[in-house]
Amino acid sequence: MNSYKDYQNARDLSWKVLIENDVRALPVKIVPICWSYGIRVRSYQDNAEILRKLNLTQMIDRTDGFLMYISGEPVIFYDKRCTEGRQRFTIGHELGHYLLGHVKPGQVTIINREPEPGDSPAERQANQFAARILAPACVLWGLDLHDADEIAAACGISKQAAAFRAERMRVLYQRGKFLTAPEERRVYSQFENFISQGR
């Protein structure tokens, strides 16, 4: 996989999803977005019997969430014991796997935890998608957010995810190239009222 092309695909897909779902405010409501693509979202804790029947109880201790198909339908499972910010990122990550075509019927995603340097290209791309849908760069720029605590609070993501996003935003602020793509301009226009109220 070409890492820059993978990044572009994840970024462009996040814009497309925000546009298709007419998202206009932070924090992004990720579960309704999943529903809009026909994906059910279930917690481990509320679905222990289903996981037991599917012989997937071992997943609870190995991962914060995963995506699989049940009777041909995509389902995201996540761990309610995680912080709300981590739950939201996990769900966004698994949505990314689904929309990027990483998981087919009969497969299960098996890694979902905080990013690590040795992660596979598919894991990195799903993380990029989750970060960009939950914390869109043009919206952070419009709100003039720089620091991880501000980003975590505004976007409803974990401090660790926000720290990664803040680092990427530092690079983007240095480049100063926001709103160069038509899709990004459209996302920004959807958030304009929210941004003007947040300034």
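This is a predicted model: local features need pLDDT of at least 70, side-chain atom pairs count only at pLDDT 80 or more; totals for chains, interfaces and linings use all residues.

At what angle do helix α8 and helix α9 pack, and how far apart are their axes? Residues are numbered from 1 along each chain as its sequence is written, and side-chain values use heavy atoms, with hydrogens and water left out.

**Entry 1: α8 and α9**

I looked up the pair: α8 (residues 148-155) and α9 (residues 159-175) pack at about 120°, with axes 8 Å apart. Helices here are DSSP runs (H or I, at least four residues) and strands are too (E, at least two), numbered from the N terminus. The axes are lines fitted to C-alpha atoms, for helices over the stretch in contact, and angles run from 0 to 180 degrees between N-to-C directions. The two helices are therefore oblique to each other. For the cut-offs, under 35 degrees is roughly parallel, over 145 roughly antiparallel, 65 to 115 roughly perpendicular, and the rest oblique.

The crossing of α8 with α9 is right-handed. On the α8 side I find Ala148, Asp149, Ile151 and Ala152, which meet Lys159, Ala162, Ala163, Arg165 and Ala166 of α9. Contact means heavy atoms within 4.5 Å. By class I get six nonpolar, no polar and three charged residues in this contact. Nonpolar covers Ala, Val, Leu, Ile, Met, Phe, Trp, Tyr, Cys and Pro; charged covers Asp, Glu, Lys and Arg; the others, Gly among them, are polar.

**Entry 2: α6 and its partners**

Next I checked α1 (residues 3-20) against α6 (residues 121-134): their axes come within 8 Å and cross at roughly 35°. This crossing is right-handed. Residues of α1 in the contact include Tyr7, Leu13 and Val17, and those of α6 include Gln125, Phe129 and Ile133. The class count for α1 with α6 is eight nonpolar, four polar and three charged.

Then I took α5 (residues 84-99), which packs on α6 at about 120° with the axes 8 Å apart. That angle makes α5 oblique to α6. Among the contact residues are Phe89, Leu95 and His97 of α5, along with Glu123, Phe129 and Ile133 of α6. I note 10 nonpolar, five polar and two charged residues for α5 with α6. The α5/α6 crossing is right-handed.

The scale is under 20% for buried, over 50% for exposed and partly exposed in between (1.4 Å probe, protein chains only).

**Entry 3: the core**

Which residues touch the most other members of the largest nonpolar core? I get Leu95, Phe129, Ile133, Ile151 and Ile157, out of 51 residues. A nonpolar core is a set of buried Ala, Val, Leu, Ile, Met, Phe, Trp, Tyr and Cys residues joined through side-chain atoms within 4.5 Å. Leaving out residues up to four places away in sequence, Leu95 touches Ile30, Ile33, Cys34, Tyr37, Ile39, Ile76, Phe129 and Ile133. There is also a second, separate core of 10 residues, including Ile60, Phe66, Val75 and Phe77.

I found a cis peptide bond from Leu26 to Pro27, with omega near -10°. Pro27 sits in the loop between α1 and α2 (30-36).

Asp22 is in the loop between α1 and α2. Asp22 has a positive phi of about 50°, although it is not a glycine. At 41% relative accessibility, Asp22 is partly exposed.

Ser71, likewise not a glycine, has a positive phi near 50°. I placed Ser71 in the loop between β2 (65-70) and β3 (73-78), and Ser71 is exposed at 74%.

**Entry 4: two last look-ups**

Asp64, in the loop between α4 (59-62) and β2, is buried at 18%. Asn193, in helix α10 (residues 182-198), is exposed at 58%.

Key. A crossing is left-handed if the near helix is turned anticlockwise from the far one by less than a right angle, and right-handed if clockwise.
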